[in-house]
Amino acid sequence: METYDIDDESLEAARRELNGEAPDGPALFEFACLISDIPLDKGKLVIRESGEIALFRLNGSVYAISNICPHEMSPILSSGAIDRDALTVTCPLHEWKFKIDTGEQVGASGGIPIYAVKIEGDEVWVSERSVA
Ligand code: FES
């Protein structure tokens with residue numbers, strides 16, 4: 001088994017990255033919508049200054065991914081078909097499939113950015129920067 005030396009500063013930077021926090025400051029989250037705005041049977045498109053995201057409400061959790069399908073850079077994943085058991089969304093144009101929780105492309109090595117989600121009451125807040 002390999003071991004790695006990781007200093008406290010690197011650990012803190014990794015923690016901030018996972019939580020969608022700014023490198024030198026508090027978490028930067030933007031209000032996206034109310035939980036009730038996200039339909040149960042499809043995604044919700046949210047347009048931000050930094051780009052488009054697609055929100056999904058699945059199995060009691062809210063997930064945020066880029067709305068852009070990398071195949072043709074099409075802004076369409078919020079309209080994709082959802083598989084609740086597999087936690088995937090399938091692009092409606094040419095059926096590339098992505099994991100909603102990790103952003104990984106199914107059956108290929110690519111992927112899409114995902115964002116940290118914070119729920120406050122009925123409000124959905126999404127990290128400004130992607131976390132993967
Ligand atoms: S644009 Fe999404 S699979 Fe082609």
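Leaving aside its neighbours within four places in sequence, which residues is P92 in contact with? P92 is in contact with I76, S79 and G80, where contact means heavy atoms within 4.5 Å. The views below start from the whole chain and return to P92.

This is a predicted model, in which local features need pLDDT of at least 70, side-chain atom pairs count only at pLDDT 80 or more, and totals for chains, interfaces and linings use all residues. Residues are numbered from 1 along each chain as its sequence is written, and side-chain values use heavy atoms, with hydrogens and water left out.

**Figure 1. The protein chain has one helix and 11 strands.** Helices (H or I, at least four residues) and strands (E, at least two) are DSSP runs, numbered from the N terminus. Along the sequence the pattern is α-β-β-β-β-β-β-β-β-β-β-β. Of the 132 residues in the protein chain, 34% are buried; buried means under 20% relative accessible area, exposed over 50%, and partly exposed in between (1.4 Å probe, protein chains only). The protein chain exposes about 7800 Å², and carbon and sulfur atoms supply 51% of this area. Accessible areas come from the Shrake-Rupley method with a 1.4 Å probe; for residues, only the protein chains shown count as cover. Among contacts between residues at least 6 apart in sequence, 41% join residues at least 24 apart.

**Figure 2. Strands β2, β3 and β4 are linked by antiparallel pairing.** Two strands pair if DSSP finds at least two bridges between them. Strand β2 (residues 44–48) and strand β3 (residues 51–58) pair over five bridges, and I47 stands opposite E52 in β3.

Figure 3. Three bridges join β7 to strand β8 (residues 88–90), and I82 has V89 in β8 as its bridge partner.

**Figure 4. P92 is in the loop between β8 and β9.** P92 is partly exposed, at 42% relative accessible area. The C-alpha atoms of P92 and G80 are separated by 5.2 Å, although the two residues are 12 residues apart along the chain.

**Figure 5. The whole structure has one aromatic pair.** F31 and W125 form this edge-to-face pair, 5.7 Å centre to centre and with 70° between the planes. Rings of Phe, Tyr and Trp (its six-membered ring) pair if their centres lie within 6.5 Å; planes under 30 degrees apart count as stacked, over 60 as edge-to-face and the rest as tilted. F31 lies in strand β1 (residues 29–34) and W125 in strand β11 (residues 123–130), so the pair ties together parts that are 94 residues apart in sequence. F31 is partly exposed at 40% relative accessibility, and W125 is partly exposed at 23%.
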